[in-house]
Amino acid sequence: MSVDNSDKPDREQRGHSDATSTVHFGRKPFDNNGFVNTPVYRGSTVLFPTLELLISRDQPYTYGRRATPTTRALTEAIAALEGGHETILTSSGLQAVAAALLAFVEAGDSILMVDNVYQPTRKFCDTTLKRLGVTTVYYDPLIGAGIKDLITPTVRLIFTESPGSQTFEVQDIPAIANVAREAGLWLLMDNTWASPLYFKPFQHGVDVSIQAATKYIVGHADAMLGAVTGNARAAPYLDRIKEALGTSPGSEETYLALRGLRTLDVRLARHYEHGLDMARWLSERPEVRRVIHPALESDPGFALWKRDFLGASGLFAFVLEPPVSQHALAAFVDHLELFGMGYSWGGYESLIIPFDPRPYRTATQWTETGTALRIHIGLEDPNDLKRDLAAGFERLKAAT
C-alpha cells in the first residue's frame with residue numbers, strides 16, 4: 001500500500017529546536033519505503049530513461065559525483081541547521097577549507113587570514129594559494145572592526161576561525177562582518193569548534209561556514225568529511241567549485257555523518273558540560289598556570305562568547321607552570337589511561353597533545369613560557385578523567 005505524504009508540511013520549515021532538528025532534518029522515510037534512515041547509495045552511473053532527459057539532465061540525480069540521495073540528505077540537514085542556503089561536501093575538513101577559498105579568489109587577489117587559524121589552512125595559503133598568485137595577509141584575531149585598516153583594493157575575502165585553533169581567541173564576528181559587508185568582501189568562517197548548534201554563522205553576517213565534519217558531526221572518530229555551507233549569494237560559487245574540483249566524499253563516510261548528526265545535540269551537551277567542569281577543575285590545580293576556555297568567566301574571550309555563542313564544545317587548552325622538561329611531560333602524558341595522544345577531536349574519546357604555536361604565528365606572538373596542552377573532553381565519566389589527570393600530575397611532579 002502506498003502512503004501519500006504530499007500534505008505533510010516540510011519538517012525543515014516548522015521552526016523546531018535544534019534538538020529536534022538534528023533528529024529529523026534530511027530524513028524522508030516515506031521516500032525510502034518507510035525506513036527511518038536514508039539508505040547508503042553506492043554508485044557512479046545514474047541512468048536516464050529517455051534521450052530528452054539525458055540531454056536536459058532534468059532529473060533529481062545525474063551522476064554519483066554530483067549527488068546521491070545519501071549525500072543530499074546530509075547537505076540538506078547541515079544547510080538547515082546552520083541557516084544557510086546550500087551545502088557542499090568534501091572528503092575532509094582541510095579540503096572544505098581549500099574548496100571554500102578557491103571558490104572566491106583568483107590570481108592577483110589577496111585575502112585576510114586570522115593568525116590563529118588551523119595550521120594546515122595556513123600551509124595551504126602559503127603554498128598552493130601563493131603558487132596561484134594569491135597573497136595572504138595574516139591579522140590579529142582580536143582586531144575586530146580594526147580590520148578595516150587592512151583592506152586594500154586587492155583584498156577579496158576575510159577568513160575567520162572562532163575560537164582560534166589551539167589558543168582559542170574569540171573573534172568579534174559581527175564587527176568583522178559589518179566591515180566585510182561595507183567593503184563588498186566575502187566573509188568565511190571555520191565554525192568547527194562550535195558546530196552548527198552552538199554558533200549560527202549566517203545570523204552574524206558570515207557568507208560561508210566551514211565544518212570539519214570529521215569532528216562533532218561524525219562524532220565517533222571513524223570517518224573523514226568536510227562541509228561548506230553558503231548563503232544565497234555564495235551558493236553559486238560553491239556549486240561551481242564543487243563541479244571544478246569534483247569533490248565527492250564516499251557513501252559510507254556520508255552515512256556515518258548522518259548517523260552522528262542524529263545524536264549531535266545530546267553528545268555536544270555532554271561535551272559542553274563536562275568540558276567546562278574539567279576546565280574549572282584544572283584552573284584550581286597548582287600545576288596549571290592558565291586554562292584557556294572561552295566559556296570560563298576568567299577567559300579574555302568570555303564576553304564575546306557569551307554574547308554570540310549558544311554553548312561550548314569539549315575542546316580547550318591549558319598551560320603548565322614552568323619549567324617542565326620533556327622527560328617530565330612524558331611522565332605526565334605517556335601513562336594516562338583514558339586520554340589518548342592523537343590528532344583530530346570531536347569524537348567520544350578524550351585526547352591530549354602538547355602544542356607550541358610560536359613557529360607558525362606571524363601577526364601575533366605567543367608569549368606563554370609554560371608548556372601548553374590542547375585537551376578534548378570526551379564522553380567518559382568526568383570523575384574518572386580527573387583521577388587520570390591527577391595521577392598524571394603526580395608523575396609530573398615526581399619527574400620534575
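**Exercise 1. At what angle do H12 and helix H13 (residues 382-399) pack, and how far apart are their axes?**

The model is predicted: local features need pLDDT of at least 70, side-chain atom pairs count only at pLDDT 80 or more, and totals for chains, interfaces and linings use all residues. Residues are numbered from 1 along each chain as its sequence is written, and side-chain values use heavy atoms, with hydrogens and water left out.

Step 1. Helices (H or I, at least four residues) and strands (E, at least two) are DSSP runs numbered from the N terminus. Axes are lines fitted to C-alpha atoms, for helices over the stretch in contact, and angles run from 0 to 180 degrees between N-to-C directions. On this basis H12 and H13 pack at about 155°, with axes 7 Å apart.

Step 2. Angles under 35 degrees count as roughly parallel, over 145 as roughly antiparallel, 65 to 115 as roughly perpendicular and the rest as oblique. H12 and H13 are therefore roughly antiparallel to each other.

Step 3. A crossing is left-handed if the near helix is turned anticlockwise from the far one by less than a right angle, and right-handed if clockwise. H12 passes H13 in a right-handed crossing.

Step 4. On the H12 side the contact (heavy atoms within 4.5 Å) is made by His 327, Ala 328, Leu 329, Ala 331 and Phe 332. H13 contributes Leu 389, Gly 392, Phe 393, Arg 395, Leu 396 and Ala 399. By class, the contact of H12 with H13 has eight nonpolar, two polar and one charged residues. Here Ala, Val, Leu, Ile, Met, Phe, Trp, Tyr, Cys and Pro count as nonpolar, Asp, Glu, Lys and Arg as charged, and the others, Gly among them, as polar.

**Exercise 2. Identify the buried residues of H12 and the elements that cover them.**

Step 1. Buried means under 20% relative accessible area, exposed over 50%, and partly exposed in between (1.4 Å probe, protein chains only). In H12 the buried residues are Ala 328, Leu 329, Ala 331, Phe 332 and Val 333.

Step 2. Their cover includes S9, S11, strand S12 (372-376) and H13.

**Exercise 3. Which residues have the most contacts inside the largest nonpolar core?**

Step 1. A nonpolar core is a set of buried Ala, Val, Leu, Ile, Met, Phe, Trp, Tyr and Cys residues joined through side-chain atoms within 4.5 Å. The largest has 110 residues, and those with the most contacts inside it are Leu 101, Leu 282, Phe 318, Phe 332, Leu 389 and Phe 393. Helix H10 (residues 264-283) gives the most to this core, with seven residues.

Step 2. Not counting residues up to four places away in sequence, Leu 389 touches Met 278, Trp 281, Leu 282, Phe 332, Leu 336, Phe 339 and Ile 375.

**Exercise 4. Describe the crossing of H4 with H5, and then that of H3 with H9.**

Step 1. The axes of helix H4 (residues 93-102) and helix H5 (residues 119-131) come within 10 Å and cross at roughly 45°. H4 and H5 are therefore oblique to each other, and their crossing is right-handed.

Step 2. Leu 94, Val 97, Ala 98, Leu 101 and Leu 102 in H4 meet Pro 120, Thr 121, Phe 124, Cys 125 and Leu 129 in H5. These residues divide into nine nonpolar, one polar and no charged.

Step 3. For helix H3 (residues 69-82) and helix H9 (residues 251-261), the axes come within 9 Å and cross at roughly 40°. That makes H3 oblique to H9, and H3 passes H9 in a left-handed crossing. By class, the contact of H3 with H9 has eight nonpolar, four polar and no charged residues.

**Exercise 5. Where are the cis peptide bonds from Ser 162 to Pro 163 and from Pro 322 to Pro 323, and how exposed are Ala 221 and Ser 344?**

Step 1. Most residues other than glycine have a negative phi, and most peptide bonds are trans.

Step 2. The bond from Ser 162 to Pro 163 is cis, with omega near -10°; Pro 163 is in the loop between strand S4 (155-161) and helix H6 (173-183). The bond from Pro 322 to Pro 323 is also cis, with omega near -5°; Pro 323 is in the loop between strand S9 (315-320) and helix H12 (326-333).

Step 3. Ala 221, not a glycine, has a positive phi of about 55° and is exposed, with a relative accessible area of 54%. Ser 344, likewise not a glycine, has a positive phi of about 75° and counts as partly exposed at 29% relative accessibility.
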